[in-house]
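Hello,

Here is the structure I promised to pass on to you.

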Amino acid sequence: MSIIQYRRRVCDYFVRQRLVGQVQTDQLDLFRLQSQVSTGKRMQLPSDDAPAALRAISLQRLLDRKDQISTNIQSSSQYLTAAEAQLGGVADILNDVRGGVVGVAGTLSNDSDRQALVGQGRTLPVCLRSL
């Protein structure tokens with residue numbers, strides 16, 4: 001009979017320890033819930049929920065990357081718009097020179113018209129550099 005009582009005492013001890021541990025765990029959970037409600041934040045530290053923290057970090061990186069890509073697209077678009085305007089100016093200058101050459105070619109134009117066209121051709125590189 002003493003063996004049964006000894007086993008009973010050990011069991012009571014373990015039951016008490018388990019209940020004390022459960023109360024402590026419940027108090028910790030209650031504290032965490034109160035902290036979440038008072039701060040409005042689900043996690044205080046990344047270690048509170050490591051998988052969710054990793055997801056949040058990777059989502060933040062993705063948002064940062066998308067912001068950077070958007071900035072890069074805007075810069076590239078502005079650069080391309082400026083380049084297109086410059087190329088339009090080059091096309092205008094070349095069309096003017098071409099029109100002058102076609103106008104003089106095969107006609108009875110005088111030497112001063114031809115010299116003016118040659119002068120325009122000589123200033124072409126300067127005009128192109130100014131763009």
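Before anything else, one term: two residues are in contact when they have heavy atoms within 4.5 Å of each other. By that rule, and leaving aside neighbours within four places in sequence, Q120 is in contact with D96 and V97.

A word on where this comes from: it is a predicted model, in which local features need pLDDT of at least 70 and side-chain atom pairs count only at pLDDT 80 or more, while totals for chains, interfaces and linings use all residues. Residues are numbered from 1 along each chain as its sequence is written, and side-chain values use heavy atoms, with hydrogens and water left out.

**Overall picture**

The protein has three helices and zero strands, in the order α-α-α from the N terminus on. Helices (H or I, at least four residues) and strands (E, at least two) are DSSP runs, numbered from the N terminus. The C-alpha trace spans about 140 × 30 × 20 Å along its principal axes. The radius of gyration is 42 Å, whereas a compact globule of 131 residues would have one near 14 Å. That radius is taken over C-alpha atoms, and the globule rule is 2.2 Å times the number of residues to the power 0.38.

Buried residues make up 8% of the 131 residues. Here buried means under 20% relative accessible area, exposed over 50%, and partly exposed in between (1.4 Å probe, protein chains only).

**Helix α2**

Helix α2 covers residues 50-104, 55 residues in total, and reaches 80 Å from its first C-alpha to its last, close to the 81 Å expected at 1.5 Å a residue. The expected span is 1.5 Å times one less than the number of residues. Within α2, the residues A52, A53, G89, V97 and V104 are buried. V97 is also one of the contacts of Q120. After α2 comes G106, with a positive phi near 70 degrees.

Q86 and S130 are 44 residues apart in sequence and 9.8 Å apart in space, C-alpha to C-alpha.

**Helix α3**

Q120 sits in helix α3, residues 111-130, and is partly exposed because its relative accessible area is 32%. Its C-alpha is separated by 31 Å from that of Q78, 42 residues away along the chain.

**The largest pocket**

A pocket is an open set of points on a 1 Å grid over the protein atoms alone, where a 1.4 Å probe fits, with protein on both sides within 12 Å along at least five of seven lines; lining residues have an atom within 4 Å of a point. The largest pocket holds about 200 Å³ of space. Its lining consists of F31, R32, S35, Q36, R42, M43, Q44, L45, D48 and D49.

One of these, S35, lies in helix α1, residues 2-39. Is S35 buried or exposed? S35 counts as buried because its relative accessibility is 17%. Not counting residues up to four places away in sequence, S35 touches G40 and Q44, and Q44 is itself in the pocket lining.

Enjoy exploring the model!

Terms used:
Points joined across faces, edges and corners; volume = space filled by probe spheres on them.
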